[in-house]
Amino acid sequence: MSVHDDLSSVQRSLDELSRTVTRLEQQLGSGGLEVRRVRTDADHLRESLALLRASAATPDAPRRPDLVPIPDTPYDGSLWTDSDDEGLGARDRHAP
């Protein structure tokens, strides 16, 4: 089954859910907190499906991260003048 078929199936299920919630609202009244929560949740599902459809319609090609070339030549020693040796501290001081 394709993604389009799956999305259409979910849309049909959501349509049926919406019709059923409408019938429940008519039978139980729409004033109760529980019925309003179910209606709101069903509406959120509908909005989420619309977003999913939009993202599936325009799939982004997987992006490769930009590669940073690392030269084979040694680094300039002046880069490390004031640096600490990891775990050992500064060159002119003793480690604890």
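**Helix lengths and packing**

Modeller: Before anything else, this is a predicted model. A check on helix α1: its 26 residues should span 38 Å at 1.5 Å a residue, and its end C-alpha atoms are 37 Å apart, which agrees.

Biologist: And what span should the 25 residues of α2 have?

Modeller: At 1.5 Å a residue they should span 36 Å, and the end C-alpha atoms of α2 are 36 Å apart, so that agrees.

Biologist: How many helices and strands are there in the protein chain?

Modeller: The chain has 2 helices and 0 strands.

Biologist: OK, at what angle do α1 and α2 pack?

Modeller: About 165°, with the axes 10 Å apart; α1 covers residues 3-28 and α2 covers residues 33-57. Angles over 145 degrees count as roughly antiparallel, so α1 is roughly antiparallel to α2.

Biologist: Is the crossing of α1 and α2 left-handed or right-handed?

Modeller: Left-handed.

Biologist: How do the residues in the contact of α1 with α2 divide up?

Modeller: They come out as 14 nonpolar, 5 polar and 5 charged.

Biologist: Switching to burial. Which residues of α1 are buried?

Modeller: Leu 7, Ser 8, Leu 14, Ser 18 and Val 21. What covers them includes α2.

Biologist: And which are the buried residues of α2?

Modeller: Val 35, Arg 39, Ala 42 and Leu 49. There, the cover includes α1.

Biologist: What percentage of the whole protein chain counts as buried?

Modeller: 10% of its 96 residues.

Biologist: Now Asp 15. Where does that residue lie?

Modeller: Asp 15 is in helix α1. Its relative accessibility is 26%, so Asp 15 counts as partly exposed; buried would need under 20%.

Biologist: What separates the C-alpha atoms of Asp 15 and Arg 46?

Modeller: 8.7 Å, though Asp 15 and Arg 46 are 31 residues apart along the chain.

Biologist: Looking at contacts between residues at least 6 apart in sequence, what percentage join residues at least 24 apart?

Modeller: 55% of them, taken over the protein chain.

Biologist: Last one: which residue follows α1?

Modeller: Gly 29, and its phi is positive, near 90°.

Conventions
Residues numbered from 1 in each chain as written. Predicted model: local features only at pLDDT ≥ 70, side-chain atom pairs only at ≥ 80, totals over all residues. Heavy atoms only, no water. Axes fitted to C-alpha atoms, helices over the stretch in contact; angles between N-to-C directions. Helix = DSSP H or I, 4+ residues; strand = E, 2+ residues; numbered from the N terminus. Parallel < 35°, antiparallel > 145°, perpendicular 65-115°, else oblique. Left-handed = near helix turned anticlockwise from the far one by under 90°. Nonpolar A, V, L, I, M, F, W, Y, C, P; charged D, E, K, R; others polar. Expected span 1.5 Å × (residues − 1). Buried < 20%, exposed > 50% of the residue type's maximum accessible area, 1.4 Å probe, protein only. Contact = heavy atoms within 4.5 Å.
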